[in-house]
Amino acid sequence: MSYERRLEPLIRVEGLSRRYGAATVLDRLDLTIGHGEFLALLGRSGSGKTTLLRILAGLDRVEEGKVSVPRNAAVVFQESRLLPWKRVWENVALGLPGPDAHDRAMAALEEVGLGHRTHVWPLTLSGGEAQRVGIARALVRQPEFLMLDEPFASLDALTRLRMQAMVGELWRKHRCAVLLVTHDVDEALLLGDRAVVLEQGRIGMELQISLVRPRRQDDPDFVSTRRALLAALDVHDAV
Amino acid sequence: MLETTVERGTVIGGTRRPPRRALRLPTRTLRRLVSPLLILLLWQAASWTGLVSPQTLASPLRILSTATDLTRDGTLPENLLVSLARAGIGLAIAVVAGTGLALAAGLSRFGEEAIDAPMQMLRTLPALALVPLFILWFGIGELPKVALVALGSTIPIYLNLFKGIRSIDPKLLEMGRTLGLSRIQTVRQIVLPGALPDLLTGLRFSVGISWLMLVVAEQVNANSGIGHMMTDAEDFLRTDIILVGLLVYALLGLLSDQMVRTLERILLAWQPVRARGPR
């Protein structure tokens with residue numbers, strides 16, 4: 001890939017608006033994500049994060065504005081959305097073309113640390129395991145663009161920390177562009193190259209996160225960046 | 001902490017638990033058998049003492065010997081085979097028709113508009129009320145009986161499968177879209193397996209209904225089958241034969257229900273046990 005091509009953003013959103021009746025969920029939004037960039041999208045409930053992700057994922061139509069997304073994109077949902085009647089590896093291999101689908105699914109599951117659970121039924125998995133299957137199902141397609149919709153929101157704190165580290169590691173290896181929708185400031189700072197805060201359908205603030213990786217929450221630089229981000233979000237007490 | 005370890009050790013090792021369960025289960029089964037056995041005993045006693053005449057109700061022992069006789073002289077096996085064939089063919093037609101109609105209605109708008117309204121109307125019609133019409137149309141051969149079984153058992157299969165197809169979790173369908181599944185892949189991988197539990201529930205209702213239809217069809221007009229054997233016995237006040245017929249119907253119902261349950265256990269192995277259909 002040439003240097004010029006790398007500068008060209010992979011995902012481009014221009015003047016995107018979305019209205020449901022009188023409510024404006026997205027308001028002439030402009031956003032770009034570069035090749036291999038990890039973008040954390042923050043915002044309160046109802047700020048339009050999920051709507052934006054659904055449009056980027058092709059689940060909702062573009063009514064106003066322009067959106068360009070690579071065809072090879074994958075989504076990890078908040079609930080793992082596994083097919084309960086297919087074994088774990090079959091869920092990962094779902095829709096994969098070619099005779100090596102099984103091997104690729106097994107490799108992807110190995111990568112997320114589930115090499116020992118490949119043949120069980122999804123309903124026997126823990127929440128964290130199910131979410132890892134969801135990640136394997138996305139990664140096995142070697143996406144250029146990976147969307148994560150609050151993937152750790154329903155996990156317990158310890159599992160969440162482990163999963164965040166794992167996603168960071170996988171991203172370092174696969175180098176796909178990532179859009180992480182979250183409402184967790186720490187999560188955004190741990191993983192993102194850039195944090196974008198969505199407010200009433202527009203970008204309220206944007207912060208380049210240049211902390212060295214792997215990041216630690218007790219690093220003084222992390223603490224000061226966190227303070228800056230929270231201040232920008234108008235939260236002053238919770239530091 | 002210690003407690004957890006001990007408990008886990010028991011479960012994994014499985015040395016202490018199974019014997020205890022093996023001991024408890026038979027006693028409970030035995031306890032449940034006590035009252036039916038007592039009723040049989042009282043019934044037999046009432047017959048012996050002449051309290052109940054054989055024209056009113058044959059004794060259990062008499063029923064047993066009649067069943068043996070009927071089996072020996074071939075009456076029971078012959079009629080049973082005829083009844084089984086009627087129920088089997090009718091049910092097979094119902095499965096094919098009900099599944100086909102539900103797929104057509106569930107998977108396309110046009111299909112729903114064309115099929116669902118007539119099926120919902122048919123549902124409200126008591127199928128047994130069609131007996132006179134079916135006799136006029138199809139005579140008194142096999143056709144009206146098989147047709148009645150088929151019609152009656154198509155409805156639950158259609159209704160349940162249609163509902164199953166329409167109540168597939170839209171989140172799973174969305175997931176399929178993000179994976180780029182084709183329409184055929186979506187139907188095969190998501191819609192059909194997702195609706196399978198409902199299809200099996202429908203099948204269970206259908207099996208029950210098919211026996212009901214058969215009983216009526218065979219008693220109203222027939223010259224073979226278990227129902228015919230029973231109506232024939234009525235003319236000779238043979239309550240023992242009638243009761244053998246009832247027993248056979250009960251056993252057939254029990255067996256066929258068990259077959260559907262086994263089918264469920266195999267096809268729905270992915271479900272946690274408690275989530276499966278009503279026991």
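**Sheet and helices**

I started with helix H2 (residues 49-56) of chain A, which lies across strand S3 (38-42), S5, S6, S7 and strand S8 (194-199) of chain A and runs at about 145 degrees to S6(A). Contact here means heavy atoms within 4.5 Å. Axes are lines fitted to C-alpha atoms, for helices over the stretch in contact, with angles from 0 to 180 degrees between N-to-C directions. Helices (H or I, at least four residues) and strands (E, at least two) are DSSP runs numbered from the N terminus.

I noted that this is a predicted model, in which local features need pLDDT of at least 70, side-chain atom pairs count only at pLDDT 80 or more, and totals for chains, interfaces and linings use all residues. Residues are numbered from 1 along each chain as its sequence is written, chains are lettered from A and ligands numbered from 1 in written order, and side-chain values use heavy atoms, leaving out hydrogens and water.

Next I traced the sheet in chain A: it is open, with six strands in the order S5-S6-S7-S3-S8-S9 and mixed pairing. Two strands pair if DSSP finds at least two bridges between them. The edges are S5 (73-76) and S9 (202-208) of chain A, each pairing on one side only. The twist averages 20 degrees from one strand to the next.

I then checked S6 (residues 145-149) and S7 (residues 177-181) of chain A, which run parallel and are joined by five bridges. Phe145(A) stands opposite Ala177(A) in S7(A).
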